[in-house]
Protein chains: 2
Amino acid sequence: MTELRIAIVGFGKIARDQHVGAIAAVPGAMLAAIASRNASLPGVPHFATVEELLEKGPQIDAVSLCTPPQVRRAQAAAALAAGKHVMLEKPPGIGVAELDPLIAMATEAKRTLFATWHSRHAPSVEPAREWLVARRLKSVHINWKEDVRVWHPGQAWIWEPGGLGVFDPGINALSILTRILPKPVFVTAAELAFPANCQSPIAANLTLTDIDGLPITAEFDFRQTGPQSWDILVETDEGRMTLSRGGRIMAVDGKVVADAPDEEYRELYRHFVKLAATGASDVDLAPLRLVADAFLLGKRNIVEPFVD
Amino acid sequence: MTELRIAIVGFGKIARDQHVGAIAAVPGAMLAAIASRNASLPGVPHFATVEELLEKGPQIDAVSLCTPPQVRRAQAAAALAAGKHVMLEKPPGIGVAELDPLIAMATEAKRTLFATWHSRHAPSVEPAREWLVARRLKSVHINWKEDVRVWHPGQAWIWEPGGLGVFDPGINALSILTRILPKPVFVTAAELAFPANCQSPIAANLTLTDIDGLPITAEFDFRQTGPQSWDILVETDEGRMTLSRGGRIMAVDGKVVADAPDEEYRELYRHFVKLAATGASDVDLAPLRLVADAFLLGKRNIVEPFVD
């Protein structure tokens, strides 16, 4: 198998923390170039923009877009038009509808468009899904609270329109939820807390359900200091399942039944390499659709300004 | 052909202004009952709720939901579960995802789910679509400005979460836009003006485009006194097409080429009767998806309180 030559576009925190190491660790994947206005990596060809990369760069097969969501659609369109496979960080777009033309382009060009949801590849997500499918569910609660100053230092884009605010981590929980539950869910009510100086919410409470009326609640908060929470609790007829640490640890009635090291991004690149081998796409917009619905039908509250 | 026995659920302004007359005028449709907490019509069996209608009412084949969008999903689910065909006023839901389980129920029960977009049946919409498909488009502008006090007197639900505010009429423009343009469109930017005391916007400016970069702008405003505007202007390589009066009149370079009486709601019921004959569904969520995206990625501005 020839290696998939990948260029990372957008070389910020997530690219450095996760993508570089994952590409290095996955057989069949190699980092061939970086496109970033500000940052580079010694020994890797560097270009300022995706256009410059596509024009003047080395031969590449694929781009992995790690830029903020506000600029990704145009970059994905340019890469697909140049015949490259495209991997999108989450969220896949600033809107749901902008993905349609990209899907059409990828299909027509027989190139891969992969909208990633890294949290779905947390090690206990599949065990949880398999455990739940055999039980009768009574209720679900999501508790997803982190300190934005710790996890998103200086990321101004997150507060701009299209930046999602607390839904940037919250959509990770929704990506797990929509994977582990047996039936599609939808938002019935939401309360969104917007800092007076921000365009994106700093906290949100959601009420969701499915066709059977399963009660689902979610609390997202970016103002959590002290202990951080990335937990999903499911009450069933055979006990309470807890998925904690963002999908890493699964417990039933307090007893840990699954816990493995995090390989989320390696799993993403393994999957990307497989998809690119045939040019197949993998785009599930369900998590982003839930967030769009929360904005659409949510009650807005204005809260105190946020200063990074 | 036996007649489709239809119950109107929710007997407010739109039901009285449009639905009753349209059902009476369409062969194959008949008004068999009304479910409404407050209102009734002499000579038509009346029930307080959709549940009471389904339990104790006369034999019906279908329900037409004219209630505010916030309560329609549960009513649609109840009607489908009872084996009835369902017609939904626009917008089809308070969120996009809540339609999925209804579509699944309708498909499984072989019953019709018809998400209506009455403006698409305005008389000049099809002529406009056919004219545009043969031209090269340069730009599109939507000007949709009406006086909310005239058209939505006392409709408090429109300002509540899920009520859409100015997008309640604006989605009519988007339903026409998504019908007459040859390629799918998506929102790239939006500004939403929220009155300080309301949960829904009173005005909105949208920027949209398609895969070819067609520039599309839309101005929605609920504060328009004096002349009202429901116009779509399309600049093409063969002149400017204007669709005015909400899709009633089509002109090219100022010359009227199509103008016919409004039969929007009669067209809806003709289509519903046809769909119900085979239990086929017709649900296009594109207009609602654009509104959800506008809320998701839009910049929010707070403007002066609105008092009805």
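This is a predicted model: local features need pLDDT of at least 70, side-chain atom pairs count only at pLDDT 80 or more; totals for chains, interfaces and linings use all residues.
Trainee: In what order do the nine strands of the open sheet in chain B lie?
Mentor: The order is β14-β13-β12-β11-β7-β10-β9-β8-β15 in chain B, with mixed pairing. Strands here are DSSP E runs of at least two residues, and helices are H or I runs of at least four; two strands pair if DSSP finds at least two bridges between them.

Trainee: Which strands are at the edges?
Mentor: They are β14 (255-259) and β15 (299-303) of chain B, each pairing on one side only.

Trainee: How do β9 and β10 of chain B pair, parallel or antiparallel?
Mentor: Strands β9 (residues 203-210) and β10 (residues 216-221) of chain B are antiparallel, with six bridges. Within β10(B), E219(B) is the bridge partner of N205(B).

Trainee: Which helix packs on that sheet?
Mentor: Helix α7 (residues 167-180) of chain B does, touching strands including β7 (137-145) and β8 (185-195) of chain B. Contact means heavy atoms within 4.5 Å.

Trainee: What does F167(B) touch?
Mentor: Leaving out residues up to four places away in sequence, its contacts include L192(B), P201(B), F220(B) and F295(B).

Trainee: Turning to Q199(B), is that residue buried or exposed?
Mentor: Q199(B) is buried, with a relative accessible area of 15%; buried means under 20% relative accessible area, exposed over 50% and partly exposed in between, using a 1.4 Å probe and protein chains only. Q199(B) is in the loop between β8 and β9 of chain B.

Trainee: What does its side chain reach?
Mentor: The side chain of Q199(B) reaches the backbone nitrogen of R300(A) at 2.7 Å. Among the other contacts of Q199(B) are G298(A), K299(A) and W159(B).

Trainee: And in chain A, which residues of helix α5 are buried?
Mentor: In α5 (residues 125-133) of chain A, the buried residues are V125(A), A128(A), W131(A) and L132(A). Seen down the axis of α5(A), they fall within an arc of 130 degrees, so they line one face of the helix; the arc is that of the directions from the helix axis to the C-beta atoms.

Trainee: What do those residues pack against?
Mentor: The buried residues of α5(A) pack against elements of chain A, including α7 (167-180) and β13 (249-252).

Technical notes: Residues are numbered from 1 along each chain as its sequence is written. Chains are lettered from A and ligands numbered from 1 in the order in which they are written. Side-chain values use heavy atoms; hydrogens and water are left out. Axes are lines fitted to C-alpha atoms, for helices over the stretch in contact, and angles run from 0 to 180 degrees between N-to-C directions. A polar contact is a pair of N or O atoms within 3.5 Å; within protein, one must be able to donate a hydrogen and the other to accept it, and residues adjacent in sequence count only if both atoms are side-chain atoms.
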